[in-house]
Amino acid sequence: MPSSTASVERLFSLMNNLCTTNRNRLSQDTLTALMMLCREGCQQLSDDQTSKIVVIKKKMKQRDIAL
């Protein structure tokens, strides 16, 4: 049994920072991929994890932003 819940609390804090009211339609896969990128960094991810993130990014539709 862990003696501290700090690591879990850090993950929840990261998730709350990523999934805001403006980005409330993120899928579970996208949120997981973003959390892995933020937590591990690009250099720390395995090739399998990196390829999963690339596939998720390719599935996302491009959004036009009117300036």
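1. Helices here are DSSP runs of H or I with at least four residues, numbered from the N terminus. A pocket is an open set of points on a 1 Å grid over the protein atoms alone, where a 1.4 Å probe fits, with protein on both sides within 12 Å along at least five of seven lines; lining residues have an atom within 4 Å of a point.

2. Before going on, please keep in mind that this is a predicted model, in which local features need pLDDT of at least 70 and side-chain atom pairs pLDDT 80 or more, while totals for chains, interfaces and linings use all residues. Residues are numbered from 1 along each chain as its sequence is written, and side-chain values use heavy atoms, without hydrogens and water.

3. Back at the largest pocket, the volume is about 350 Å³, counted as the space filled by probe spheres set on grid points joined across faces, edges and corners. Its lining has 15 residues, and Arg 25, Leu 26, Ser 27, Thr 30 and Met 60 lie nearest the centre. By class, the lining has four nonpolar, four polar and seven charged residues (Ala, Val, Leu, Ile, Met, Phe, Trp, Tyr, Cys and Pro count as nonpolar, Asp, Glu, Lys and Arg as charged, and the others, Gly among them, as polar).

4. The second largest pocket has a volume of about 160 Å³. Here α2 provides the largest share of the lining, four residues. Among the lining residues are Leu 26, Thr 30, Ala 33, Ile 53 and Met 60, and the lining divides into seven nonpolar, one polar and two charged residues.

5. Now have a look at how α2 (residues 28-40) and α3 (residues 47-59) pack: their axes are 10 Å apart, at an angle of about 135 degrees. Axes are lines fitted to C-alpha atoms over the stretch in contact, and angles run from 0 to 180 degrees between N-to-C directions. The two helices are therefore oblique to each other. On the α2 side, the contact is made by Asp 29, Thr 30, Ala 33, Met 36 and Leu 37, and on the α3 side by Gln 49, Ile 53 and Ile 56, where contact means heavy atoms within 4.5 Å.

6. Lastly, helix α1 (residues 6-18) and α2 cross at roughly 115 degrees, with axes that come within 10 Å. From α1, Leu 11, Leu 14, Met 15 and Leu 18 take part, and from α2, Leu 31, Leu 34, Met 35, Cys 38 and Arg 39. This contact has eight nonpolar residues, no polar ones and one charged.

Methods: Parallel < 35°, antiparallel > 145°, perpendicular 65-115°, else oblique.
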